[in-house]
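Keep the model open as you read.

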Amino acid sequence: MVRYAAAKLFSTPDKTAVARGSNVRTSFKNMREVGAAVQGLTVKKAYRYLNDVLEHKNCIPFRRYKGGVGRTAQAAKFGTSQGRWPEKSIKHLLRIIKNAEANAEQKTMDGEGLRIRSVVVQQAQKNHRRTYRAHGRINRYDGHPCHVEVILTTPTEHVPRNKDKDELKGLSRTQLARKRLLAIRAPPAAEA
């Protein structure tokens with residue numbers, strides 16, 4: 001059995017669908033930023049957004065791994081100035097989302113309301129190659145692949161807020177304990 005990074009989300013396995021990609025040969029840093037950009041979107045919106053990025057109509061905002069990343073006006077709508085269009089990572093993630101969607105269909109989940117609950121990107125083992133430098137030297141030339149995991153969920157029904165707890169808001173522990181004691185000691189109301 002494979003261990004999933006977001007195993008806590010499997011409390012309702014009939015409402016979650018999972019797909020994974022192991023040792024995906026694309027940049028870990030780029031894939032992490034793409035995953036963060038689509039997390040929380042519906043599958044339909046994610047497809048539209050990622051295809052817009054492929055056509056350079058939109059960008060992926062780079063927030064963590066942003067050293068040396070150029071600035072673009074398209075990133076302003078995400079509250080940052082740095083962004084890119086990592087095509088290879090997007091194509092891999094689109095395939096994984098499509099696979100997760102097929103897994104959801106296999107479980108007879110609602111295809112319209114599917115939402116990307118979690119995108120977990122982890123570093124895989126580096127690919128070692130070599131590059132030849134001046135004066136007969138050789139340096140390492142590593143690739144940085146990644147493991148990607150996508151979890152889709154169907155939206156759950158809305159549970160209304162408990163109104164009884166609103167009146168207890170702002171009370172100290174002592175005041176709450178006193179209220180409990182008074183409620184216990186109070187004589188039962190006479191039924192008429």
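Contact here means heavy atoms within 4.5 Å. Helices (H or I, at least four residues) and strands (E, at least two) are DSSP runs, numbered from the N terminus. The model is predicted: local features need pLDDT of at least 70, side-chain atom pairs count only at pLDDT 80 or more, and totals for chains, interfaces and linings use all residues. Residues are numbered from 1 along each chain as its sequence is written, and side-chain values use heavy atoms, with hydrogens and water left out.

Take α3 (87-106). What do its buried residues pack against? The partners are β1, α1 (28-38), α2 (43-54), β2 (60-61), β4 and β7 (146-153). Buried means under 20% relative accessible area, exposed over 50%, and partly exposed in between (1.4 Å probe, protein chains only). Among the buried residues of α3 are Ser89, Ile90, His92, Leu93, Leu94, Ile96 and Ile97. Ala100 and Ala104 are also buried.

Now check the length of α3. The expected span of a helix is 1.5 Å times one less than its number of residues. The 20 residues of α3 should therefore span 28 Å. The end C-alpha atoms are 29 Å apart, which agrees.

Next, the backbone angles. Most residues other than glycine have a negative phi. Thr108, which follows α3, has a positive phi, near 55°. Thr108 sits in the loop between α3 and β4 (115-123). Its relative accessible area is 69%, so Thr108 is exposed.

Asn23 also has a positive phi, near 50°. This residue lies in strand β1 (residues 16-24). Asn23 counts as partly exposed because its relative accessibility is 44%.
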